[in-house]
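User: Please take me through this model. I will ask about one region at a time.
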Amino acid sequence: MPGPAPSLYDHLPSELPLPEGEPAYRRRQLARWLYQHGAQDFEVMTDLPQGLRDGLAAEHRISPFTAVERYPSRDGSVRYLFTLADGSRTEAVYMPYEDRKTVCVSSMVGCPAGCAFCATGALGYGRNLTSGEIVGQVLAVAAHEGVEPRAIRNLVLMGMGEALLNYDHALRAIRTMIAPEGLDLSPRRITLSTVGLPGRIRRLADEELPLVLAISLHAPDDATRRTIIPTAYAHGVADILDAVRAYQQATKRRVTIEYTLLRGVNDQVAQARALAGLLDGLKTHVNLIPFNPWPASGFQESTSAATERFRAELERLRVPVSVRFSRGRDAGGACGQLALSEGAAAQAAPRIAPSQHA
Ligand code: SF4
């Protein structure tokens, strides 16, 4: 049995496939339908000859998903659960802030990094998403929300998965998103989150893409970090921050430090002080993230008093800091919870040892 037809989103807009003999301007027309109008059906592409539409439809799909489920939250954000052609599932979150519509997309089914506090980590690793399956999340959200794809001006690669372990597909997706004939997004409005893989961060620094890099640090020292992040055994905090320095030098961008506050684990004032010391000399912004409890996580949210003490200490030490309000808590909670609750854990393959990566 042949597999499902490939999605057109897997191709860079400048490389969209055309039957032999078709003039090149047809590629621009096709890209316009896909990325400006968000067409989900070849039949609406009325300025393409019927024969070309039929030929494209015979060999390609537009959306890479077989089902899209939408879970609105009371706070206005919307969680999306996507079923892929092989039956596995991944998810995205749409955050329609007034002046900047944002989509947080996944780069994998599950995640091999296995962070102890993360619902996605509990799923284990399923597989890498293709670039089309990453880009397709933005286009599916736009179609279901009834907005033009280019109305979405901010993109966050912070859903399921470690994007830098799916490097080639994640970068190809980003190149489609920033292409003028693609989604025409500014790379400065794309945030790529990583658990901290120094080799891959250095490689990213060489791409000449001024993305916002977000480091999931979550602890200021290796001993604490190792209790919650398995990759911390392979990559120490000092190595990660050296790579961040190289990234900052190459891109001149401020780096975001993600720090999920876990009660009694990493939320002490002394740890805030240690964090401030680490970040000295770097241009960063610390995002403190209240932990979003999920069943069987084994962790508790920090109290508001502890959160405030941690924030105030960083501020006192002149570290730019904010507390991030976690969206979508009533619509599936932490990233990975929708898929977890849908039984996707059963599809996930065993975890890959962290030392095998990067
Ligand atoms: S926090 Fe990020 S890197 Fe860690 S398991 Fe979850 S998705 Fe993977």
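Analyst: Contact, as used here, means heavy atoms within 4.5 Å. The model is predicted: local features need pLDDT of at least 70 and side-chain atom pairs count only at pLDDT 80 or more, while totals for chains, interfaces and linings use all residues. Residues are numbered from 1 along each chain as its sequence is written, and side-chain values use heavy atoms, with hydrogens and water left out.

User: OK, how many helices and strands does the chain have?
Analyst: The chain has 11 helices and 12 strands. These are DSSP runs numbered from the N terminus (helices H or I, at least four residues; strands E, at least two).

User: And what percentage of the residues is buried?
Analyst: Of the 358 residues in the chain, 54% are buried. Buried means under 20% relative accessible area, exposed over 50% and partly exposed in between, with a 1.4 Å probe and protein chains only. As for contacts between residues at least 6 apart in sequence, 68% of them join residues at least 24 apart.

User: Let's zoom in. Where does L171 lie, and is L171 buried or exposed?
Analyst: L171 lies in helix α5. L171 counts as buried because its relative accessible area is 7%.

User: What is L171 in contact with?
Analyst: Apart from neighbours within four places in sequence, L171 is in contact with L204, E207 and L209. L171 and L209 are 38 residues apart in sequence, and their C-alpha atoms are 9.9 Å apart in space.

User: So how do α5 and α6 pack?
Analyst: Helix α5 (residues 167–178) and helix α6 (residues 198–205) pack at an angle of about 30°, with their axes 12 Å apart. That angle makes α5 roughly parallel to α6. Axes are lines fitted to C-alpha atoms, for helices over the stretch in contact, and angles run from 0 to 180 degrees between N-to-C directions. Angles under 35 degrees count as roughly parallel, over 145 as roughly antiparallel, 65 to 115 as roughly perpendicular and the rest as oblique.

User: Which residues make the contact?
Analyst: Helix α5 contributes Y167, D168 and L171, and helix α6 contributes R200, R203 and L204. By class, the contact of α5 with α6 has 3 nonpolar, no polar and 3 charged residues. Nonpolar covers Ala, Val, Leu, Ile, Met, Phe, Trp, Tyr, Cys and Pro; charged covers Asp, Glu, Lys and Arg; the others, Gly among them, are polar.

User: How do the axes of α6 and α8 cross?
Analyst: The axes of α6 and α8 come within 9 Å and cross at roughly 5°. This makes α6 roughly parallel to α8. The α6 side of the contact consists of P198, I201, R202, L204 and A205, and the α8 side of D239, I240, D242, A243, V244, A246, Y247 and A250. The residues of this contact divide into 10 nonpolar, no polar and 3 charged.

User: Switching to α9 and α10: at what angle do they pack?
Analyst: Helix α9 (residues 269–279) and α10 pack at an angle of about 35°, with their axes 9 Å apart. The contact is made by V269, Q271, A272, R273, L275 and A276 of α9 and R309, F310, E313, L314 and R316 of α10. The residues of the contact of α9 with α10 divide into 6 nonpolar, 1 polar and 4 charged.

User: Now the ligand. Which residues are around the ligand?
Analyst: The residues around the ligand are C111, A113, G114, C115, C118, G121, G159, G161 and V195 (each with a heavy atom within 4 Å of it). This shell divides into 5 nonpolar, 4 polar and no charged residues.

User: On to the loops. Where is K252 found, and what is its phi?
Analyst: K252 is found in the loop between α8 (237–251) and β10 (255–261). K252 has a positive phi of about 60° although it is not a glycine. At 62% relative accessibility, K252 counts as exposed.

User: What about R318: where is its place, and what is its phi near?
Analyst: R318 has its place in the loop between α10 (304–316) and β12 (321–323). Phi of R318 is near 65°, a positive value in a residue other than glycine. R318 counts as exposed, at 77% relative accessibility.

User: And S297, buried or exposed?
Analyst: S297 counts as buried, at 11% relative accessibility. S297 lies in the loop between β11 (284–290) and α10. Not counting residues up to four places away in sequence, S297 touches A116 and F291.

User: Last one: what is A85 in contact with?
Analyst: Leaving aside neighbours within four places in sequence, A85 is in contact with P4, R61, P64 and T66. A85 is found in the loop between β2 (78–84) and β3 (89–96), and A85 counts as partly exposed at 35% relative accessibility. A85 and T66 are 19 residues apart in sequence and 5.9 Å apart in space, C-alpha to C-alpha.
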